[in-house]
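This report sets out selected structural features of the entry shown below. It begins with a single residue and then turns to strands, sheets and the chain as a whole.

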Protein chains: 4
Amino acid sequence: MAVRVGVLGATGAVGQRLIQLLDPHPEFEIAALTASDSSAGKTYRQAAKWRVEGPIPDDVAETTVSATDPDEVPDDVDLLFSSLPSSVGAEVEPDFCEAGYVMSSNSSNARMADDVPLVIPEVNAEHLDLLEVQRDERGWDGAMVKNPNCSTITFVPTLAALAEYGLESVHVATLQAVSGAGYDGVSSMEIIDNAIPYIGSEEDKLETESRKLLGEFDGAELSHNSVEVAASCNRIPTIDGHLENVWVETEDDLTPEDAADAMASYPSLELPSSPDQLIHVFDEPDRPQPRLDRTLGDGMAIAAGGLRESSFGLQYNCLAHNTIRGAAGASVLNGELLLENGYL
Amino acid sequence: MAVRVGVLGATGAVGQRLIQLLDPHPEFEIAALTASDSSAGKTYRQAAKWRVEGPIPDDVAETTVSATDPDEVPDDVDLLFSSLPSSVGAEVEPDFCEAGYVMSSNSSNARMADDVPLVIPEVNAEHLDLLEVQRDERGWDGAMVKNPNCSTITFVPTLAALAEYGLESVHVATLQAVSGAGYDGVSSMEIIDNAIPYIGSEEDKLETESRKLLGEFDGAELSHNSVEVAASCNRIPTIDGHLENVWVETEDDLTPEDAADAMASYPSLELPSSPDQLIHVFDEPDRPQPRLDRTLGDGMAIAAGGLRESSFGLQYNCLAHNTIRGAAGASVLNGELLLENGYL
Amino acid sequence: MAVRVGVLGATGAVGQRLIQLLDPHPEFEIAALTASDSSAGKTYRQAAKWRVEGPIPDDVAETTVSATDPDEVPDDVDLLFSSLPSSVGAEVEPDFCEAGYVMSSNSSNARMADDVPLVIPEVNAEHLDLLEVQRDERGWDGAMVKNPNCSTITFVPTLAALAEYGLESVHVATLQAVSGAGYDGVSSMEIIDNAIPYIGSEEDKLETESRKLLGEFDGAELSHNSVEVAASCNRIPTIDGHLENVWVETEDDLTPEDAADAMASYPSLELPSSPDQLIHVFDEPDRPQPRLDRTLGDGMAIAAGGLRESSFGLQYNCLAHNTIRGAAGASVLNGELLLENGYL
Amino acid sequence: MAVRVGVLGATGAVGQRLIQLLDPHPEFEIAALTASDSSAGKTYRQAAKWRVEGPIPDDVAETTVSATDPDEVPDDVDLLFSSLPSSVGAEVEPDFCEAGYVMSSNSSNARMADDVPLVIPEVNAEHLDLLEVQRDERGWDGAMVKNPNCSTITFVPTLAALAEYGLESVHVATLQAVSGAGYDGVSSMEIIDNAIPYIGSEEDKLETESRKLLGEFDGAELSHNSVEVAASCNRIPTIDGHLENVWVETEDDLTPEDAADAMASYPSLELPSSPDQLIHVFDEPDRPQPRLDRTLGDGMAIAAGGLRESSFGLQYNCLAHNTIRGAAGASVLNGELLLENGYL
């Protein structure tokens, strides 16, 4: 029997991707859609300016959108996906958890809180148990798990694959697609024939979220990984797919061949949205490329390539679809993990 | 009285920029144009598919193009600018020097040869004296000076400005414009809605040319700088302007404020093509940007910005117009330096 | 049992799309691949620079490519798809037909020949019978059917849907994607931040092919339609999907509502590659758009929108995926029609 | 002595272009800048997100911005340029004119009013005398002249050059740059790898403004031209420069050669911002192109090309820089015309 799910912030760019992924989902059934007060009472078709490929699923199109308020969401909804703007999320997400809802959230608020698990299932599924601490401390019946920022998700799985060599330092430069900023986030005059070497607070997210994701949970407390990360973030004129240049220094010797093996053999999971292979390693030095490789594993895989020695340890490139693996798909995968681990 | 100059490889993308810069030049007068054999005998208008902004200068348009052969260039030409493909350059440039011509070349062949000065006038004008060694060793009446690769020119002036702090290591990721590959170098299907994390042999150029440029010439021999450089090169969908993300570790403490002062006060020269200010330092964290800042100083200035502390020393971005400061303008500036230093 | 098919010119942009469509095809099985002499003897993986989304199908990747010569293609191949450059097609396609092969060709040569059927199955399937005339006249055991140019295919189905109103004159302006010119057809420097109001001989194709497609075949001779067509063709910076602005004047009164009904109800076929609905008519005035609507019906549907009255009859926009519906898919559909009509 | 001028709506995209053109202007001196109430009291540097090439002129940067209110603009300002949003313009422009200010406005409100001259100086300077009627009817000491929409300005000069042949019908399809919608008008997700076949109310502007511009003023009343115009407007991914495909049917026979002569010889004016040649006619069939040709005549010229016969009269393409010739430069030129005709 399908789990009844709701989407908070259903009309935005990530909300639309969530609907696209949840509508055909084998375990989940869309039972509630919320948006801002100005959309409440409208059908989804009226409320959303639908912009992803393909039409709005028929049944979703005629669903009435409600306000983003725990009182407006049916009690028999078992799982919420949140793609609220972070300022809104900071305000209302705790209300939902307090009202008893279990939530998988893509919003950036509270990601670094001590008692909020920040999870990429293939990397640190065991952090989910932090929810016990969370419920204890906050007195919630509900629960809140977060997925990291899209640019963080792109490179952390490759680091996790190399962790056994002892991560010491990471430099990462990102070439990020415009969809990461939402539908109206980057104007065309800003980015055509251009690049912008700055994305507000993005570098900090890569540097801190990666250390939390790669940290250890001892059942009571989460310690962050000690790897030093320095990020430089750029916006470029691509629609989807974040490409990243990475340099890693490790304690133990690490050849490009060792690294390729470690990445290619890094295990995926058996969750419905898991890709068959998590990390695809290309031999061709000019891959991965956003337009050609962002849809690997239906947008849920990571692509890596260009593994080579540099003056400072290993150097390589990696890529992920930022609104699927990096946002909506990440939240769905966390929802599947919550289900599998008995939190629903 | 104007110096009579010739352009080898005059019909290509860099050749066209050379003509655009040389036609109104106060010291130089275009007296010879060469191209491949198939163009020899045609007027420049017939031979070149002119693609830079504005029309072909009238007198240039009707000039007859000759083959790229020392016998076809008039003896009274005092200075040659070469923008030949490197394979052609490797073959014919030495013939011109042996025939007595002084040459400022943008072609990548021979840049790393021990007796060929690789020069950015504001950075290492004193390397020009290596020409004495060159003439001695090769028995040339002529001489050959090279400018570095466009991606190298973009970041080396900023490193030169910081050299007093003791350069130890540099990581650099480049976001390079398509014009760097020549008019037909990157197809539109390769790059629209895409990025390519690989440019053949480009990373090696940044790593080795920068050490030569920052090296010391003792009158007899050139020692390369010991700074370790690791580069990662990407092609993105911009027309002109290479943007680079740089991390620098130095022996001495270096704050972003110190670095900004050092860059902004780094001296320009009094050559005709020198910009008034060599390095513009932006306060706005989202600058420089290719489309907005590539024409600073008529395309001959360097722009820097986003100076900040990272986990590993200083971090910043820099930008230069790749076909002006990074290619044609670089060659013209070296030609002006040759004139000022009495080599013509 | 599957029909054994071959692809002539299998390594090019349209050839790659053909393989992508034929590999999972329910009726066809790839049994031969040809390319230029320099590729002959290599595996397809070695010979092709694969550039469409997703990997090369495994069995295709290891197939040995042969030269484009009737002697090199196995006799038990029943159907050939040709995506040869038109100059090559003009030379070798007749040799294959004379050798007994039945061919569905996308190449532009011979499209306007009196005895060559130019077919869009939903529009003029009955023209296929012209093959009897062709065999008679040429003494071929084989046969050759052509599909029209990608920009022609985009608007002709909408005209066919309106034909009952009496077509008098058509003005059409095209905004064409770069993939229409092949992988290296348009350089990035030509088209980024730009548009080119000219595509060699393209306007003539729209004007003449449309009249042939809309003509009548009386069993012996094909008479072209008398509608006057004036085309203006532009290349713009999109990857896939040709968008066209159309004005149509008709003998009978034609309201936008009538036109929408006629288009939406225009029948599709039951062939394996036929879309469920041939022409999708959008109510939103800003649709269709290439990026959002080119994959309708797996790239085999036509999208129309913006139907409105102008000073001169009806005005509207239409769109099709130029390398699927407009090229590879068009050829496959013609192959399916050949099979259904007993020509194999 | 310089005329003191003010800019209403000085912080927007067209306002920034106005400042760029007015700062070095030989006849005008910037004496007042207005913007929305939230900007009033700030320096221009603080109020404007400056986005055109090059820095803000120093003196302008430190000018204090005032509210857009006649009481806030000094009385000794002789001429106002307005680039207000049309809804704001409709409200406040009449107040300024009533308060005695003479205004050259780019805002779209009131363009079609019977007593408001809509002027392209080279086309219909004599319409300026309609200001007498305007002052009579409205009792204004001030006066208001409008320039047309950017897409209208692009093709009307070419029609004016052909008017002697008797204009009967015009079909025009536009490929418009994103800057025409203002800095935030088109999001990058809307337009990268895409085109949009709709711009709200734009087609109506081309159809009605062109007839007014080509009309005749008999000293009392303005009669619109009877030419029928049908427009189809598209947005494409270019930064600046509107490209248009035009078909014209005329009463008298008109060959492409006649048309080229008529366009190339159509006179420019002697105003400071007039280009030396108004219409450049290209022989190359693939010109004009936005990126290569938009800066002809410092962005104030019109480019035409591709003149050829169609099934329906003459066919050609034309291009203009939409924010210079099509907006800010158009207003400045009208200001110069007002000065020359003694209205200041």
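## A loop residue in chain B

Where in chain B is the place of B:Ile199? In this predicted model, B:Ile199 lies in the loop that links α8 (188-191) to α9 (202-213) of chain B. B:Ile199 counts as buried because its relative accessibility is 10%, and the cut-off for that class is under 20%.

Beyond the neighbours within four places in sequence, B:Ile199 is in contact with B:Gln176, B:Cys233, B:Asn234 and B:Arg235. A separation of 31 Å lies between the C-alpha atoms of B:Ile199 and B:Leu337, two residues that are 138 residues apart along the chain.

## The open sheet of chain D

Chain D contains an open sheet of six strands with parallel pairing, in the order β3-β2-β1-β4-β5-β6. The edges are formed by β3 (66-67) and β6 (143-146) of chain D; each has a single partner strand, so one side of each is left without a neighbour in the sheet.

Within chain D, strand β4 (residues 79-82) pairs with strand β5 (residues 102-105) in the parallel sense, over three bridges. At D:Ser82, the bridge partner in β5(D) is D:Ser105.

## Strands β5 and β6 of chain A

In chain A, strand β5 (residues 102-105) runs parallel to β6(A), and four bridges join the two.

## Overall form of chain A

The secondary structure of chain A consists of twelve helices and 14 strands. For its 344 residues, a compact globule would have a radius of gyration near 20 Å, and the 19 Å of chain A therefore agrees with that form. Along the principal axes, the C-alpha atoms fill a box of roughly 60 × 50 × 35 Å.

Of the 344 residues in chain A, 65% are buried. Considering contacts in chain A between residues at least 6 apart in sequence, 75% join residues at least 24 apart.

## Surface and charge of chain A

Chain A exposes about 11900 Å², of which carbon and sulfur atoms supply 42%. The chain carries 19 positive and 60 negative side chains, and a distance of 9 Å lies between the centres of the two sets.

Conventions
Residues numbered from 1 in each chain as written. Chains lettered and ligands numbered in written order. Predicted model: local features only at pLDDT ≥ 70, side-chain atom pairs only at ≥ 80, totals over all residues. Heavy atoms only, no water. Rg over C-alpha atoms; globule rule 2.2 N^0.38 Å. Buried < 20%, exposed > 50% of the residue type's maximum accessible area, 1.4 Å probe, protein only. Contact = heavy atoms within 4.5 Å. Areas by Shrake-Rupley, 256 points an atom, 1.4 Å probe, with all protein chains shown as cover. Lys, Arg positive; Asp, Glu negative; His and termini not counted. Charge placed at Lys NZ, Arg CZ, Asp CG, Glu CD. Pairing = 2+ DSSP bridges.
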